[in-house]
Amino acid sequence: MYFYDIKIYRTYKYKLRPNKVQRQSLEQILGCCRFLYNIALEERITYYESTGKGIGYYHQQYQLKDLFKTEGFEFMKCIPAQARQDVLKRLDKTYTSFFKGGGFPRWAKKHKYSSFTLPQHVKYDSNKVTIPKVEKLRMFCSRNIPKDAAIKFTTFKKQVDGWFACVTFEIDHIAPIRDNQAVGIDMGVTYFAVTSDGQYFDNPKHLAKHQRRLKILKRKLARQKKFGYNWRKTRYQISKIYLKITNSRKDFLHKVSNQLTNEYSFIAVEDLKLKNMTKSSKGDAENHGSMVKQKSGLNRVLLDLGIGYFFTFLDYKSIEKGSKLVKINPRNTSRKCNKCGHISKNNRKSQSKFECESCGYTVNADRNASDNILGDGVALSRKREAAACALA
Ligand SMILES: [Zn+2]
């Protein structure tokens with residue numbers, strides 16, 4: 001076996017144990033960050049409306065020091081300097097994605113804006129973490145950050161169950177170069193994933209399990225007096241359930257991605273663009289949303305399963321373990337016969353049954369798709385290697 005050196009990013013999450021004063025300081029910083037985000041957004045909007053031009057990140061950052069001197073804004077000094085820059089960078093990022101076709105940046109709402117980030121000046125000392133303006137915070141040190149790690153940034157996050165520090169660091173990593181065990185994976189609704197060598201991963205359906213209780217609580221919430229004591233209590237219970245769903249979903253995705261990257265050194269998946277999928281289900285001018293109902297159901301389930309997270313996990317785990325991940329164009333993967341190559345939508349008799357019109361090949365539909373995905377993945381990878389050789 002061969003090895004090669006790479007640098008990888010890792011994030012460890014620690015639960016913090018702030019005292020009352022510290023908790024107030026953290027809340028205050030978070031509140032001020034949110035306020036800063038909103039005034040920076042407002043500035044961008046009004047500047048654009050009056051001049052027809054945009055303001056960039058550096059311009060806004062330059063103005064910051066004047067802002068803190070302005071009367072009435074002194075309270076914002078509680079934000080550590082680098083966290084301020086991060087707020088403006090976050091806003092800048094939403095603008096960048098807006099220009100690439102994403103949604104227009106939104107106002108930061110109290111329950112949505114839940115974290116602030118510090119790139120430096122955070123010190124760790126076994127079970128204590130020190131940040132500017134809050135002093136030493138105690139934390140549960142569940143595992144140690146490696147000694148040779150270079151800390152890149154820390155995000156302080158407020159959740160229903162308390163405050164957390166998410167530390168992201170860079171370390172040297174030795175990844176093995178492995179022999180080829182190739183696999184194609186089809187993601188679906190009936191099964192979460194089906195591999196080309198016949199492994200079936202069942203769907204966990206986390207949401208459905210908790211759906212009943214959520215429904216009851218939401219009905220209760222609607223009856224209660226808004227912002228009253230009982231209303232807040234119910235809302236707290238609801239967010240606890242959502243947190244539970246998120247945690248068990250991530251846990252499941254970690255397990256599956258671990259297993260796959262352990263077993264295979266070459267993994268082909270479909271390049272699913274979740275945003276495009278949600279868009280396409282609404283239909284366009286030509287194709288008046290046929291299958292709209294079916295598709296929106298599928299999209300909802302896919303989103304529920306957190307395919308986005310899954311691909312992220314698969315991506316970084318492949319790099320760490322020396323596997324190769326290839327994303328292929330999902331077109332025709334479910335309609336093409338893997339035996340003779342005949343493409344027709346009539347090949348797929350039902351959600352689970354595939355029967356080729358041309359050669360009569362009969363197989364589980366997801367299994368046929370995963371075989372196609374593997375074939376396309378290998379072809380794409382060879383093509384890329386040939387192109388790289390031609391350049392060298
Ligand atoms: Zn066929």
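Which residues point one way from strand E2, which the other way, and are they buried or exposed? In this predicted model, where local features need pLDDT of at least 70, side-chain atom pairs count only at pLDDT 80 or more, and totals for chains, interfaces and linings use all residues, Ser115 and Thr117 point one way from E2 (residues 115-118), while Phe116 and Leu118 point the other way, and all are buried. Residues are numbered from 1 along each chain as its sequence is written, and side-chain values use heavy atoms, with hydrogens and water left out. Buried stands for under 20% relative accessible area, exposed for over 50%, and partly exposed for what lies in between, with a 1.4 Å probe and protein chains only. Strands (E, at least two residues) and helices (H or I, at least four) are DSSP runs, numbered from the N terminus.

As an overview, the chain holds nine helices and 14 strands. Its C-alpha atoms fill a box of roughly 80 × 60 × 50 Å, taken along the principal axes. Of its 392 residues, 38% count as buried.

Back at E2, the partner is strand E6 (residues 150-159), and the two pair in the antiparallel sense over four bridges; pairing here requires that DSSP finds at least two bridges between two strands. Within this pair, Ser115 stands opposite Lys157 in E6.

On one side, E4 pairs with strand E3 (residues 123-125) in the antiparallel sense over three bridges, and Val129 is the bridge partner of Tyr124. Two residues lie between the strands of the E3 and E4 hairpin, where Ser126 takes a positive phi near 40°. E4 is also joined to strand E5 (residues 135-139) by four bridges, and these two run antiparallel. The E4 and E5 hairpin has three residues between its strands, and Lys133 takes a positive phi near 70° in it.

Positive phi values also turn up in loops. Phe227, a residue other than glycine, has a phi near 65°, and sits in the loop between helix H4 (206-223) and helix H5 (229-263). Asn332 is not a glycine either, yet its phi is positive at about 70°. The loop that holds Asn332 runs between strand E12 (324-328) and strand E13 (353-355). With a relative accessible area of 21%, Asn332 is partly exposed.

E12 also belongs to an open sheet of five strands, in the order E10-E9-E8-E11-E12, with mixed pairing. Strand E10 (200-202) and E12 stand at the edges with a single partner strand each, so one side of each is left without a neighbour in the sheet. From one strand to the next, the twist averages 20°. The partner strand E11 (residues 266-270) runs parallel to E12, joined by five bridges, and Ile267 stands opposite Leu325 in E12. Elsewhere in the sheet, strand E9 (residues 191-195) contains Thr195, which counts as buried because its relative accessibility is 0%. Thr195 lies 172 residues from Arg23 in sequence and 48 Å from it in space, C-alpha to C-alpha.

The metal site comes next. The zinc ion is coordinated at 2.3 Å by the SG atoms of Cys337, Cys340, Cys356 and Cys359; donors are N, O and S atoms within 2.8 Å of the metal (3.2 Å for Na, K and Ca), and water is not among the atoms, so sites may look incomplete. Along the chain, the donors follow the spacing C-x2-C-x15-C-x2-C. The four donor atoms subtend angles of 106 to 112° around the zinc ion, so the arrangement is tetrahedral, a label given to four donors if all angles lie between 85 and 135 degrees. For four tetrahedral donors, the ideal angle at a metal is 109.5 degrees. Cys337 is buried, with a relative accessible area of 1%, whereas Cys340 is partly exposed, at 41%.

Finally, the axes of helix H1 (residues 20-51) and helix H2 (residues 57-69) come within 12 Å and cross at roughly 120°. Axes are lines fitted to C-alpha atoms, for helices over the stretch in contact, and angles run from 0 to 180 degrees between N-to-C directions. H1 and H2 are therefore oblique to each other, the class left after roughly parallel (under 35 degrees), roughly antiparallel (over 145) and roughly perpendicular (65 to 115). Their crossing is right-handed, the near helix being turned clockwise from the far one by less than a right angle.

How values were computed:
Tetrahedral: all angles 85-135°; square planar, octahedral: opposite > 155°, others 65-115°.
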